[in-house]
Amino acid sequence: MDLPNRLTKAKDLLIAGERESEVPDVIGYQDVQHQWERGYRETLVRAIENDACGPESTSIIDFPKTDLTVRPLARFSTRDRLIYDALVFTIADQIDCQLHPGVSSYRWNRFKNEPIGWWPSWSSYRAKSLRAIRSDTSLKVAYLDIAAFYEHIDVAMLGDDLEALGGDGQAAGRIINFLTRFQTINHAWGLPQGPDASGILANLYLTPIDSYLAQNGARFLRYSDDIKVFHSDWSELRDLFLGVNSQLRSRRLAISSSKTVILDPQDARERETDIRHDSLAGAIRSGRPRAREELAAYFEMIVKEARFNGNQVRFVLGQLRKIRDDRVVSWCLENLTRLPHAITHVFKYLNAAKRRAPEIETALVRFLHSSNSAKYPLIEQRILRYLIAMGIKDERAKEAAWHILGDRNRVEYAREYAARYIGEHASISEAQMLRHRFEGESSAAVRRAVLVALYEARYLSSRYRNEIRSSVPGMEWLCNFLATRPHISPPQIGPYVYF
């Protein structure tokens, strides 16, 4: 597949993943989609051919992993993200050919020669694990996890791996230059977390581990850095574990001691199959009597034990949304700061609970005016996104949005949504203030959002738009899009199921 088609695949995957994105674009890349065949793609092709591959700018976001820990998420500009993904897609087939059959191909379909979402591969990996455990009741399972895997990948060593692949050496060189620059301009190292392409490169980096296990006759499965080894003898698993640890050290990696364990067959089956979740989900699917009460009892148990496990919360909210039950709306609103690791599911649930919208609006606006707001920018952003998606006009929300937009110490992604919320409900005088904000803004991402806000406030004249297009670098594509007088769609938080 040629470079333009690789770029198109990267664009399609980026846009398709918006609804589940950790940090969604303020207008869902509608400008990129509209301008793609009108010169945007060709500009990216020329940039790659001229070795102007960037990244030009990156921000590192501490994205919640649990209620106590975070992972460093790389947020590239749209240009940089598409270039990075397309470069890796150029050599993805070569990488995939190196993978052992026990490895689930992360983010790449080797048969269709195109990128895919994570869910099919993850589901296949889980299904294979269950089949392996159920096929032989004597099997013990070693669960191996690598500490801070993406962060500790050695880019120079990865470059050696890519060079050894052969094939498109030019693409490999551009990838390493991109990653080297990524490390140079940020307080970051290893592979950027977030882009789909990083998962493809990460698979290549662990192929020596696969080879070691295969050469020693081990039965194993791997999904990214999640490795499972099956054997009936504990000592054999321990020996394999020590060998893997040695291999990992040679790759500048280390096993996570807290997540690595050898389990007996029964314990492994219980770990692989959440019996309670499966039972509750099955009861709800089949409409079994008392299924609703059983789900409510499970939720009460979680609340009573003060457990904020992400998987449990996501499961309960997903099931309650399916049965159109709004009983935990108040609980979600009271515990927002304890649920950042489940924030996508929280707002899908709140979005669906439309008959509770007044209560939700009041609580969310109160949060924006609280001292907690600045401490939790991801929640702040999701609140503003919710208010936009639901078409809620609230003067106190707008007051908070002005405060967020004007605070340069706030993270970009919260300020972007603050700008758009203001733009949707701005008076003429506020639109004039937005224009002043646009002209004094230093962040390119926030500036883009303010320009959208000016358009939605109906304060972007043709003359001023043309002036911006000719004088402000990076704004030409958005200006071209806005010149068509489009209706900019609100954010899509989740399925259109209301109760």
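Trainee: How does the radius of gyration of the chain set against that of a compact globule?

Mentor: This is a predicted model, so keep that in mind throughout. For 499 residues, a compact globule would have a radius of gyration near 23 Å, and the chain has 24 Å, so the two agree. Along its principal axes, the C-alpha trace spans about 75 × 60 × 35 Å. The chain has 24 helices and eight strands.

Trainee: What makes α20 and α22 count as roughly parallel?

Mentor: Take the crossing angle: the axes of α20 and helix α22 (residues 444-456) cross at roughly 10°. Angles under 35 degrees count as roughly parallel, and α20 and α22 are therefore put in that class. Their axes also come within 7 Å.

Trainee: Which residues meet there?

Mentor: From α20 you have Glu412, Arg415, Glu416, Ala419, Arg420, Gly423 and Glu424, and they meet Ala445, Val446, Ala449, Val450, Ala453 and Glu456 in α22. By class, this contact has six nonpolar, one polar and six charged residues.

Trainee: What is the class make-up of the lining of the second largest pocket?

Mentor: Its lining has 13 nonpolar, three polar and five charged residues. There are 21 lining residues, and Ile61, Asp62, Phe63, Pro377 and Tyr413 lie nearest the centre. The volume of this pocket is about 350 Å³.

Trainee: Which elements each supply at least two residues of that lining?

Mentor: Those are β1 (58-64), β2 (70-76), α18 (377-389) and α20 (412-424). With six residues, β1 gives the most.

Trainee: How many cavities of 30 Å³ or more does the structure hold?

Mentor: Two. What makes a space a cavity rather than a pocket is that a 1.4 Å probe fits but cannot get out. The largest cavity has a volume of about 30 Å³, and for the second largest cavity the value is also about 30 Å³.

Trainee: What lines the largest cavity?

Mentor: Phe299, Ile302, Gln312, Val313, Val316, Leu317 and Trp331 do. That makes six nonpolar, one polar and no charged residues. Both α13 (291-304) and α14 (310-322) supply at least two of the lining residues, and α14 has the largest share with four.

Trainee: And which residues line the second largest cavity?

Mentor: Here you'll find Arg19, Thr344, Phe347, Arg382, Arg385 and Ile493. By class, that lining has two nonpolar, one polar and three charged residues. At least two residues each come from α16 (343-352) and α18. Notice α18 again: this helix also supplies at least two residues to the lining of the second largest pocket.

Trainee: What is omega near in the peptide bond from Gly54 to Pro55, and is the bond cis or trans?

Mentor: Omega is near 5°, and the bond is cis. As for where you'd look, Pro55 lies in the loop between α3 (40-49) and β1.

Conventions: Residues numbered from 1 in each chain as written. Predicted model: local features only at pLDDT ≥ 70, side-chain atom pairs only at ≥ 80, totals over all residues. Heavy atoms only, no water. 1 Å grid on protein atoms, 1.4 Å probe; cavity = no way out; pocket = protein on both sides within 12 Å on 5 of 7 lines; lining within 4 Å. Points joined across faces, edges and corners; volume = space filled by probe spheres on them. Nonpolar A, V, L, I, M, F, W, Y, C, P; charged D, E, K, R; others polar. Axes fitted to C-alpha atoms, helices over the stretch in contact; angles between N-to-C directions. Parallel < 35°, antiparallel > 145°, perpendicular 65-115°, else oblique. Contact = heavy atoms within 4.5 Å. Rg over C-alpha atoms; globule rule 2.2 N^0.38 Å.
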